[in-house]
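Me: I have a structure open and would like to go through it piece by piece. Can you take my questions as they come?

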Amino acid sequence: GAILIRVDISSDVTATDISDAIKTACDANSSFVGDFTTIDNTGSVTFLAIKNGTCTDATVNSVVGAWALGSITQGDGFEYDTSDGGDILLSSLSSVASSIDETARSLVRAINQDSNGICYAYYLSGPEDLPGIIRLEARNLSDEAFYTGVIGSIGSKFNPTQPETVTGSSIVASTDLITTGSAHGFSVNDLIYIYNTDSTPALLGAYYIKTAPSSTTFTLSETEGGSTLDITADSSSNHGIFFATTEVTSNEENPHYLYYSKSEQPEAVPIVNFIPIGSKNSPIERIVPLRDALYVLKTEGIYQVTGTDPSNFSSFLYDDTKGIIAPDSVGVVNNQIYFLSESGVTRVSDTGTDVVSREIEDSILGVTKSGFNFRTASVGVGYETDRAYMLWLPTTSSDTTGTQSYRYNPFNDTW
């Protein structure tokens, strides 16, 4: 973790004064090698110092009055919200797992204390998990993606592998080519993120690789497969461009999660209060309570959730042969659930499941097997006082609503 430090220069400051100031900022073991004679006494010196680390090879940068320090070593994790983000502890514990855990927790603290940050970090690893699991969430509620990447050759240390930054050096205006200082490794239609350029237009944000004529050159487009972006270079020969391949974020979607509220607070539902129900590939279609359990209806089957409080909530597969095929076909009569499944009208109770539509099976299959819009057009209603479950189905393939009704009496078992 590096800390950016700026030292003001007055007209009587000497190279020795600058050297002493840098040494004071670092620990007593710091040593410096470099040219301290070319100082512009009208500006300021900017350099990186690592808290409690050893900094060597202090040299004058290409920008007048700027200094760069090499041999960056670990920070101690006590300085957050600094101008470069924060001082992150690089743990040196003998246990690899403990070291990962300590370093990751320090990273989370640094991210959360960054006053200019765009996201919050949450440390998710529990007793049964691998160490170092971190969740990043945008700080605002706007539906905008943000991008992740790393500086240096450490992308493979993460799972999933994180894209690594590549440094660009120049733009050729006549061909709109960007030339990198090293092999970029990009392919056509790769998504990259570019920042800190002095080109026209200023490049900031996500772009697609339009062409990659060589290992160190490429052109851009604003959309995948779009036209080549026209870039104009200024008179400088070095444009200080930095860019990286990106890992783009997206809204988290877990259609198989069953969320529950705080006790006695039905409108307060913490993000950690959830129970995974079956496969993520099969979303929850309906949730129906009966007297003794909660039933979750999915296309892959029926699940039952039991328990009296979050400490003993549990779910299990109740029946994997009767998945729901029309979400609005659900009705409850006499503490029994009725809905349309691939097997016909299915009944679910605390004692099991069965199909009750054998008597009208031909009529139902004529709708569900003939290209009708039955998934969204079918509607079911439970009518307790009339002792009936009623199911509306489309009559023709062009119907967008239920236009014929079937009425079932569970007490007489008749349609």
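**Cores, sheets and a helix**

Reply: Start with the largest nonpolar core, which has 17 residues; Tyr338, Leu340, Val345, Ile364, Tyr389, Leu391 and Leu393 touch the most other members. Keep in mind that this is a predicted model.

Me: Which elements give two or more residues to this core?

Reply: Strand S22 (336–341), helix H3 (361–368), strand S26 (388–393) and strand S27 (404–408) do. S26 gives the most, with three residues.

Me: What about a second core, which residues does it include?

Reply: The second core is separate and has 12 residues, including Phe186, Leu203, Leu220 and Ile231. As a general point, nonpolar side chains tend to be buried together in soluble globular proteins.

Me: Back to S26. What is the strand order in its sheet?

Reply: The order is S25-S26-S27, in an open sheet of three strands with antiparallel pairing. Neighbouring strands here are turned by 20° against each other on average, direction ignored.

Me: How many bridges pair S25 and S26?

Reply: Five bridges, in the antiparallel sense. To find the pairing on screen, look for Val379, which stands opposite Trp392 in S26.

Me: And the sheet with S22, how many strands does that one have?

Reply: Four, in the order S21-S22-S23-S24, and this sheet is also open with antiparallel pairing. The edge strands are S21 (331–333) and S24 (352–355), each pairing on one side only. From one strand to the next, the twist averages 25°.

Me: What joins S23 to S24?

Reply: Four bridges join strand S23 (residues 344–349) to S24, and the two run antiparallel. Arg347 stands opposite Asp354 in S24.

Me: Changing topic to helix H2. Why do its ends sit where they should?

Reply: Helix H2 covers residues 96–112, which makes 17 residues, and at 1.5 Å a residue it should span 24 Å. The end C-alpha atoms of H2 are 24 Å apart, so the two values agree.

Me: Which residues of H2 are buried?

Reply: Ser99, Ala104, Ser106, Val108 and Ala110. The buried residues of H2 pack against strand S5 (119–123) and strand S6 (134–138).

Me: Now single residues. Where is Thr148, and is it buried or exposed?

Reply: Thr148 is in strand S7 (residues 147–148). Thr148 counts as buried because its relative accessible area is 18%, and the cut-off for buried is under 20%.

Me: What does the side chain of Thr148 join up with?

Reply: The side chain of Gln162, through a polar contact of 2.7 Å.

Me: One more residue, Gly226. Where is its place?

Reply: Gly226 lies in the loop between strand S12 (217–221) and strand S13 (242–245).

Me: Is Gly226 buried or exposed, then?

Reply: Buried, because its relative accessible area is 13%, again under 20%.

Me: What is Gly226 in contact with, apart from its neighbours within four places in sequence?

Reply: Lys210 and Ser221.

Me: How far is Gly226 from Asn189?

Reply: Their C-alpha atoms are separated by 9.5 Å, although Gly226 and Asn189 are 37 residues apart along the chain.

Definitions and conventions: Residues numbered from 1 in each chain as written. Predicted model: local features only at pLDDT ≥ 70, side-chain atom pairs only at ≥ 80, totals over all residues. Heavy atoms only, no water. Expected span 1.5 Å × (residues − 1). Buried < 20%, exposed > 50% of the residue type's maximum accessible area, 1.4 Å probe, protein only. Contact = heavy atoms within 4.5 Å. Core = buried A, V, L, I, M, F, W, Y, C linked by side-chain atoms within 4.5 Å. Polar contact = N/O pair within 3.5 Å; in protein donor to acceptor, adjacent residues only side chain to side chain. Pairing = 2+ DSSP bridges. Axes fitted to C-alpha atoms, helices over the stretch in contact; angles between N-to-C directions.
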